[in-house]
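Subject: Structure for you to look at

Hello,

Here is the structure I said I would pass on. Please open it first and keep it beside you while you read my notes below.

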Amino acid sequence: MPIGVHKATILGAGGGPPAEGGTETTYDSGGNTYIVHSFLSSSDLVIGGSDLTVDYLLQAGGAGGAGGYGGGGGAGGQVVKASATLSAGTTYPAVVGPTASGGGMGNDSTFFGDTAVGGGAADSNGGCGGGRSHSYKQFSKPSTSSTQPSSQPSGGTGYGTGGGSNTGSGSGPQNGYGGAGGGGGTGQGGSAGGATSGGPAGNGRQNLYRTGSNVYYGGGGGGGVVYTHPGGSAGQGGGGAGCGHGSQPVGNPGTDNSGGGGGGGGHAGSAEGGSGIVVVRYIEP
């Protein structure tokens, strides 16, 4: 019996699927059906019997937030590429940056020769820079920087921003330490910590490749702060909020598969950074 029309349209040359690997989903947009391969952990994308033109998103893993009134973790850098040609019969590794340990640097995500750089831990540069941690009566620490290259080998574009400084002021124990800075996001830099509050984190960037609707990826972690003052808010895109010592000892972790940075802690604890993701889509042949 002849195969159905729909089934025939999705078969590559030789009767196989256009590609295999990751978690496969579909959605309709603009009169086209898109096939999506989402990689939540490292694996391979195997192309079938015909070349494929694909769009892809790489989101690196976010850094962990620091403890001890620490800075928020920077989000992982992001890379976006439209209209890349993948060769028939070829295997392409999709490397997904795993979860970062509390206070640790984020991990890179790679695909097709491009690299999204893992987020920077507190006081460190990275794909997105980490927030500056507090130091007793030491203020105006400079912001951290992004090390995410904007130009990629494929012609894709990389995105990342810096983390916030520590600019508290005052002399008493309730206002003399200053809040830590928030981690940078892929779309917005982290903000400075104040005398009595942690710095808000930077927001991530939106991308629609996975679902057909915009989703934020790469939110920074909010800065921690002394005593019961409020910690810095989380960045949109899976960042974790910071906290004050009187509310909880550990900041909130970044969300996995978003590349979010962990929030700065109010005392000794430190929060994990969220893992990254690789998303590849193409129009159904």
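A residue is called buried when its relative accessible area is under 20%. Gly254 has 10% relative accessibility, so Gly254 counts as buried. Bear in mind that this is a predicted model.

Gly254 sits in the loop between strand S12 (215–217) and strand S13 (277–283). Leaving out residues up to four places away in sequence, Gly254 touches Gly238, Gly239, Gly240, Gly260, Gly261, Gly262, Glu272, Gly273 and Gly274. Gly73 is 181 residues from Gly254 in sequence, and the two are 8.6 Å apart in space, C-alpha to C-alpha.

Next is Asp114, which is found in strand S9 (residues 114–116). Asp114 is buried and has no salt bridge. The nearest side chain of opposite charge belongs to Lys81, 7.1 Å away. What does the side chain of Asp114 make a polar contact with? The partner is the side chain of Tyr56, at 2.6 Å. Tyr56 is also among the residues that Asp114 touches, along with Leu58, Val79, Ser109, Gln152, Pro153 and Ser154, again not counting residues up to four places away in sequence.

Last, a pair of strands. Strand S4 (residues 43–47) pairs with S7 in the antiparallel sense, over four bridges. One detail of the pairing is that Ser43 has Ala94 in S7 as its bridge partner. In a regular strand, side chains alternate between the two faces of the sheet.

Regards

How values were computed: Residues are numbered from 1 along each chain as its sequence is written. This is a predicted model: local features need pLDDT of at least 70, side-chain atom pairs count only at pLDDT 80 or more; totals for chains, interfaces and linings use all residues. Side-chain values use heavy atoms; hydrogens and water are left out. Helices (H or I, at least four residues) and strands (E, at least two) are DSSP runs, numbered from the N terminus. Buried means under 20% relative accessible area, exposed over 50%, partly exposed in between (1.4 Å probe, protein chains only). Lys and Arg count as positive and Asp and Glu as negative; His and the chain ends are not counted. A salt bridge is a side-chain nitrogen of Lys or Arg within 4 Å of a carboxyl oxygen of Asp or Glu. A polar contact is a pair of N or O atoms within 3.5 Å; within protein, one must be able to donate a hydrogen and the other to accept it, and residues adjacent in sequence count only if both atoms are side-chain atoms. Contact means heavy atoms within 4.5 Å. Two strands pair if DSSP finds at least two bridges between them.
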